[in-house]
Amino acid sequence: MFVEKIPGDYENGDVNKNLDDDGRVKRTGTWVTASAHIITAVIGSGVLSLAWAVAQLGWVGGPAALVVFSFITYFTSTLLADAYRAPDPVRGQRNYTYMDAVRAYLGGRKVQLCGLAQYMNLTGITIGYTITSSISMVAVKRSNCFHKHGHQAKCETSNYPFMVIFGCIQIVLSQIPNFAKLSWLSIIASVMSFAYSFIGLGLSIAKVAGGEEDVRTTLTGVIVGVDVSGSEKVWRTLQAIGDIAFAYSFSNVLIEIQDTIKWSPVVPENKSMKRATAIGVSTTTIFYLLCGLVGYAAFGNDAPGNFLTGFGFYEPFWLIDFANICIAIHLLGAYQVFAQPLFGFVEGWCSRRWPGNRFITSEQAVRVPFYGVYYINLFRLVWRTTYVIVTAFVAMLFPFFNNFLGLIGAGSFWPLVVYFPIEIHIAQTKMAKFSFKWMWLKILTWACLIVSLIAAAASVQGLIQSLQAYKPFQLQY
């Protein structure tokens with residue numbers, strides 16, 4: 001939308017030293033900051049629900065699904081990393097967004113379909129994170145209540161005040177101008193994700209070592225006729241497969257993350273991004289396997305949906321509180337990682353549509369204590385504040401929105417994670433139709449489409465159940 005004017009950037013008289021080849025402020029990101037963005041985007045509080053997913057699939061299906069989908073995500077992400085520039089992946093013209101990459105290689109209606117899938121998914125995620133963060137903060141309050149009054153106490157607490165608090169903090173964080181300025185927040189969020197993951201893992205290990213309860217685990221997961229009915233087994237299995245498939249997804253922000261990486265003739269952006277992807281996905285896979293398998297060993301077929309907010313553990317209450325606070329802090333950063341591409345898209349479109357409108361394009365310098373000069377854009381302030389308020393309001397109206405988010409995830413997983421990266425790769429390499437590589441890429445595409453469809457069906461079934469049980473204005477906890 002504009003080139004941010006930083007005092008001292010041009011004092012040496014050589015403007016080009018401070019600009020990249022596209023005229024934008026020189027990028028300073030590395031594979032380290034890109035890895036932090038990926039880990040922040042991928043390792044969410046959903047890691048704590050993987051024990052439930054493994055419980056539905058068992059000791060065989062659970063680990064197999066985690067490994068298979070981690071490989072698929074890594075493979076398609078490396079293909080997408082080569083699409084950052086076109087037509088040459090090293091020296092071609094930059095594509096700043098996922099839509100730009102699809103436009104450069106595929107064109108036509110596929111560009112609009114990509115944008116629809118990507119930005120619906122990003123909007124849904126930010127609403128879901130508003131709900132999830134409030135659940136974690138409510139869990140802190142309830143944990144203290146249980147510790148004080150006993151585990152049988154009702155300890156009912158409303159989510160709504162915590163959604164408001166989360167929204168107020170996001171209004172401030174949303175004034176971070178762009179993805180390039182987000183590195184510090186992503187690093188903090190990554191540390192928080194490691195913290196609560198280690199706490200959950202440690203508590204599960206302690207529970208297994210204690211051996212206080214008779215925990216049932218099987219090779220195939222929950223048992224029909226004992227734990228669930230036949231139909232419940234089918235729906236839960238489909239939902240678990242979908243949850244694991246979506247748990248690795250970060251393709252909807254991959255190009256935007258790559259656009260923060262500095263270029264060098266020795267290490268071009270696509271090579272740095274592939275290294276960051278390898279680190280991010282491998283780290284995620286290790287954590288997912290540890291938390292999923294150890295959590296299943298600790299809780300067995302009765303594993304809760306989230307063993308920190310769902311009170312799989314009650315003590316030590318202070319450690320549970322700390323872990324849930326870490327979840328909330330992580331989601332503050334993760335919200336921004338997914339919101340920034342949407343912010344940039346709307347602001348870029350408006351600046352091109354009304355280039356002479358000073359409300360949209362001009363900036364005013366404001367001196368902020370302990371920070372220095374901050375350049376404020378009035379349109380950015382109003383638009384981003386409005387967006388945060390609307391997402392918080394939707395979260396309050398539909399506290400079961402996470403079930404709907406599963407449907408959005410099913411609808412966006414196939415096109416964003418699988419279809420577009422593979423189609424771009426085929427177009428980029430001018431791959432011959434019906435060649436061996438073309439055939440197995442198409443087989444992978446169709447297999448993942450089937451996964452998306454069955455996960456969508458499971459999400460619809462879960463959404464129907466939530467709507468039937470939903471009581472407006474009831475305390476949510």
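Phe-434 is exposed, with a relative accessible area of 62%. The model is predicted. It holds 19 aromatic pairs. Helices α5 and α10 pack against each other at an angle of about 45 degrees. Glu-363 sits in a loop between α11 and β3.

**Phe-434 and its partner**

- Phe-434 forms an aromatic pair with Trp-438.
- The centres of the two rings are 4.9 Å apart, with 55 degrees between the planes.
- The pair of Phe-434 and Trp-438 is tilted.
- Trp-438 counts as buried, at 12% relative accessibility, whereas Phe-434 is exposed at 62%.

**Tyr-119 and Phe-345**

- Tyr-119 and Phe-345 form a stacked aromatic pair.
- Their rings lie 4.5 Å centre to centre, with 25 degrees between the planes.
- Tyr-119 belongs to helix α4, residues 109-149, and Phe-345 to helix α10.
- The pair therefore ties together parts that are 226 residues apart in sequence.
- Tyr-119 is buried, with a relative accessible area of 8%.
- Phe-345 is partly exposed, with a relative accessible area of 30%.

**An aromatic cluster**

- One aromatic cluster is formed by Tyr-98, Trp-414, Tyr-419 and Phe-420.

**Helices α5 and α10**

- Helix α5 covers residues 160-173, and helix α10 covers residues 317-353.
- Their axes are 10 Å apart, at an angle of about 45 degrees.
- The crossing of α5 and α10 is right-handed.
- On the α5 side, the contact is made by Phe-166, Ile-169, Gln-170 and Leu-173.
- On the α10 side, Ala-328, Leu-331, Leu-332, Tyr-335 and Gln-336 make the contact.
- The residues of this contact divide into seven nonpolar and two polar, with no charged ones.

**Glu-363**

- The loop that holds Glu-363 runs between α11 (358-361) and β3 (364-368).
- Glu-363 counts as buried, at 16% relative accessibility.
- Glu-363 and Leu-203 are 160 residues apart in sequence.
- In space, Glu-363 and Leu-203 are 50 Å apart, C-alpha to C-alpha.

Technical notes:
Residues are numbered from 1 along each chain as its sequence is written. This is a predicted model: local features need pLDDT of at least 70, side-chain atom pairs count only at pLDDT 80 or more; totals for chains, interfaces and linings use all residues. Side-chain values use heavy atoms; hydrogens and water are left out. Axes are lines fitted to C-alpha atoms, for helices over the stretch in contact, and angles run from 0 to 180 degrees between N-to-C directions. Helices (H or I, at least four residues) and strands (E, at least two) are DSSP runs, numbered from the N terminus. A crossing is left-handed if the near helix is turned anticlockwise from the far one by less than a right angle, and right-handed if clockwise. Contact means heavy atoms within 4.5 Å. Ala, Val, Leu, Ile, Met, Phe, Trp, Tyr, Cys and Pro count as nonpolar, Asp, Glu, Lys and Arg as charged, and the others, Gly among them, as polar. Rings of Phe, Tyr and Trp (its six-membered ring) pair if their centres lie within 6.5 Å; planes under 30 degrees apart count as stacked, over 60 as edge-to-face and the rest as tilted. Buried means under 20% relative accessible area, exposed over 50%, partly exposed in between (1.4 Å probe, protein chains only).
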